[in-house]
Every structure is written in C-alpha cells, then in structure tokens.
Amino acid sequence: MTTHVTDDIDEIVTEIFQSKEGKRNPYPLYRRLHEQGQVHRSARLGWVATGYEVAAAALRDPRVIKGPEQIQPGRPDPAEHSAEALLRGTMHRLDPPDHTRLRRLVNGAFTPRSVAALEPAIQELIDDLIKPAVRKAEAGEPVDMMSGFAFPLSVAVIGRMLGVPAADWHRFHDVVLDLSSMVELGFVGDELPKADAAADELVAYFRKLGAERMRRPADDLTSTLANATEAGDRLTEQELVTMLILLFMAGFETTTHSMGNGMFALLENPDQTRWLRRNMDAMPGAVEELIRYDSPVQFITGYTKEPVVLADGTQVPADEYLFLMIGAANRDPRVFTDPDRLLLDRGESAAMSFGGGIHYCLGAGLARLEIRKIFTSLLTRFSKIELAEPDPERRTGLALRGYARIPMWLTPAE
C-alpha cells in the first residue's frame, strides 16, 4: 500500500491544526486528504488516518494503545503541572488491565436501563429551561442555544447523577474550559497556569465530595463509586477523584457541543429542519446524522506498541503516533453518500463521534438521549427557530469542536 508523503500533505495538516480558518472549518481540508487516500504520512505530525474503515479498525486494535508514558513531544511535565498529571490518570488515557478494571467499576451507571430511567428527569429539566426562553422570545429577545439550553441541560444531568449541588453547576463552566484546553494538539504554556488552577480546584472539590459520600452515602453516582466493590476490588481515593472529574467533564463538554453543532447544522439547513418537523418519529436517526455531520470530537490519538497493518494495508512501525481524524472519517466518501450534505434520513454507517473499541464513550447513550430530547422539545415548542447572527462565535480548538454562543430568534408555537 502506498502512503502519501508529500509537501501537500504537510501543508494541509498544518492548516487543519494550526490555522484559524482550518480549525473553524476543517472539512474542505479533509476532503483534499480523502482524495489522496485513507492514511497519510506527515513529516511534521506522523501518521494521519482520515478513512472511516481505517480509523474504526485502529480504535479496536489492541496494538494501538493510549499509554500515558507515550505522550506527544512538548507536553508539560506531570511532576510539575497538576493539569497534565490529572489528565494522564483519567480512564480514557489508560490501557488494559487498568482501563478494564476502572471501566468495570463504573459501567453499571450507564447501562441502557439506567439511562432510560433518567428520561423523565431530563424532560423536566428541559421544560424548566424552555419557560424563560419563551418569555425572552415573547419580549423580542434572542436566546443563546449554548447558555440557554446546551450547557445548563448537560451540566444539570451529569451534576444530578454525581450528586453535585445545583448551586455549584455553573461555577464549573469556565473551570472545565480551562482544563479542557490541554487536550488540543500543539498545546502551549500560555494557558497552562489556568489549566493547573482548574485541575487543583476540581481535585479539591471532588476529593471533598467523595469523602463525604464515603461517610454518608446518598442516592447518586459518587456514592456508588465511592463504595463500589467488584470481586473485592474498589477505587482508591485518587482513582475516585480522577474518575469523578472525567465523568463530570465528559458529561457536559461533548454533549453540550453535540447540541450546539447539531442546532447550527439545522439552522443552516432549513429544508432538513422542515423535513424533521414533519417526521419527528425519525429523531433517533436524525441525531446520528447530526453528530456525524459536525462531530464535537475531531481526532483521537493512539500509539503503536508494535507494528500494525492498517485496514487499507498501510504498514505502521512500532512506537509511532496515530492521529485518527474522527471528523474526517465521518465525512469519508467511501462510506457516506454525498458526505458534506446534511441528510437526516441518511441511514448509513454509524457516526464515529463517540469513538470505538474499549474506549467507546461510556456516556454515549446518555448523550444521545439528551440530544434527542432537547431537539424534540425545541422543534415542538417553537414553530420557528432562526439564527440571530450569521456567524456565531466558535471555540478556538479543534480536538473539541463547538460554539461559544449561538444566538437564536424563537417563535413560540401557538
């Protein structure tokens, strides 16, 4: 198999990861990479996989690992920076057997039955968010999708699950943003002091919460994890704190931006929105298409612990980085017909936005439920939803892709 190694590849990859326009809209650049194959060798970055089949297989290949000791050059020293130390200890950065053990202890909270039981509470939260939105709409004021719906719903759901008091939910919005900046490729030290401060604050908060639940268990996931045992095994204090922070961050970061990206896609494609209004029973499939079309997670990194032959036949030596471009795989023309179009009745392969293999997103079912419920409610309660600004403010990163704000004009249904 011939892997493309050209100046053009490096030019495209550099633009995707480093330019403002590339981060704002990487999809035309992904299209250029697709035209040259499924796997690309970049002199600057390493191995870049844009093909759906290649990325899907690599995510399930035990030879492609996440081990925290194999880190990208230039990352901060975890002995000196608490943010890096915290992220390296999270479950999504670990491999078996550590990953297997930790995932086993938390799996029960995210079974289909457990998630389905949350539906009434999620609908109640949405109804509470819609009331002030209706008042704003009737007063002729725009409503922000992100601060009005996406963030408060996502953080309320995971906050309730973990037993985080409602008074603390909004406190953590900027804190989590400061810490999540560390996941970006090319992370530089400018944000590092804020990231370290965020990590310290989160660790202190969840250490206290975990200790309280060990002494006085309540009906929440923190209590369950603090006291969980599996074949005599249980989480250490450090593992408990790290797990709670990971669940809290992941519980609203990716879900929040799935909602925001999905809403912007609907607003930019009014014909598809009209179709969905006429076919509300198609909402589950529409949600799959929305998370495919503009994934909140654009890439996942891996490391080859031994030589790997990828699905297209490309041979990757041991000790090499792999950048699995999830956003590009979701637009692979070999798998998706007319991939750059939003087609809510597409019904093709599942989106890769929640990853795959042993690191498949633990809360994917919960995220899908939240997204389905919020879009169903908004399209039912408002007869018209329009952009209040033509080019809403985006987040600046690529690893976590989303909007800072999406102001909308809402017309309440009669």
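Buried means under 20% relative accessible area, exposed means over 50%, and partly exposed lies in between, with a 1.4 Å probe and protein chains only. By that scale Asp338 is partly exposed, because its relative accessible area is 40%. The model shown in these views is predicted; local features need pLDDT of at least 70, side-chain atom pairs count only at pLDDT 80 or more, and totals for chains, interfaces and linings use all residues. Residues are numbered from 1 along each chain as its sequence is written, and side-chain values use heavy atoms, with hydrogens and water left out.

View A. Asp338 lies in the loop between helix H16 (326-329) and helix H17. Helices (H or I, at least four residues) and strands (E, at least two) are DSSP runs numbered from the N terminus. Phi of Asp338 is near 45°, a positive value in a residue other than glycine. Asp319 is found in the loop between strand E7 (315-316) and strand E8. Its phi is near 65°, again positive in a residue other than glycine. Asp319 counts as exposed because its relative accessibility is 52%.

**View B. The five-stranded open sheet.** The strand order is E1-E2-E8-E5-E3, and the pairing is mixed. Two strands pair if DSSP finds at least two bridges between them. Strand E1 (39-42) and strand E3 (64-65) are the edge strands, each pairing on one side only. Helix H4 (residues 52-59) packs on the sheet and touches E1, E2, E3, strand E5 (300-304) and E8. Contact means heavy atoms within 4.5 Å. The direction of H4 makes about 125° with that of E8. Axes here are lines fitted to C-alpha atoms, for helices over the stretch in contact, and angles run from 0 to 180 degrees between N-to-C directions.

**View C. Strand E2 and its two partners.** E1 and E2 run antiparallel and are joined by four bridges. They form a hairpin with three residues between them. Within this pairing, Ser42 stands opposite Gly46 in E2. Strand E2 (residues 46-49) and strand E8 (residues 321-324) run parallel, with three bridges between them. Val48 has Phe323 as its bridge partner in E8. In a regular strand the side chains alternate between the two faces of the sheet.

**View D. Aromatic pairs.** The structure holds twelve aromatic pairs. Rings of Phe, Tyr and Trp (its six-membered ring) pair if their centres lie within 6.5 Å; planes under 30 degrees apart count as stacked, over 60 as edge-to-face and the rest as tilted. Tyr27 and Tyr30 form an edge-to-face pair, 5.6 Å centre to centre and with 80° between the planes. Both lie in helix H3 (residues 27-34), three residues apart, about one turn of the helix. Tyr27 and Tyr30 are both buried. The rings of Phe299 and Phe323 have centres 6.1 Å apart and planes at 55°, so this pair is tilted. It links distant parts of the chain, 24 residues apart: Phe299 is in the loop between helix H15 (283-293) and E5, and Phe323 is in strand E8. Phe299 and Phe323 are both buried. Elsewhere, ring pairs link Phe172, Tyr205, Phe206 and Phe248 into a cluster.

**View E. Two arginines over aromatic rings.** The charged end of Arg292 sits over the ring of Phe336, 5.2 Å from its centre. Arg331 lies over the face of Tyr293, at 4.4 Å from the ring centre. A charge sits over a ring if NZ of Lys or CZ of Arg is within 6 Å of the ring centre and within 35 degrees of the ring normal.

View F. Helix H8 (residues 119-138) has 20 residues, which at 1.5 Å a residue should span 28 Å; its end C-alpha atoms are 28 Å apart, which agrees. The expected span is 1.5 Å times one less than the number of residues. Among the buried residues of H8 are Ile122, Leu125, Leu129 and Val134. The buried residues of H8 pack against E4, helix H9 (145-162), helix H17 (364-381), E9 and E10. Just after H8, Gly140 takes a positive phi of about 75°. Strand E4 (residues 143-144) and strand E10 (residues 407-412) run antiparallel and are joined by two bridges. Val143 stands opposite Met408 in E10. Strand E9 (residues 382-387) also runs antiparallel to E10, with five bridges.
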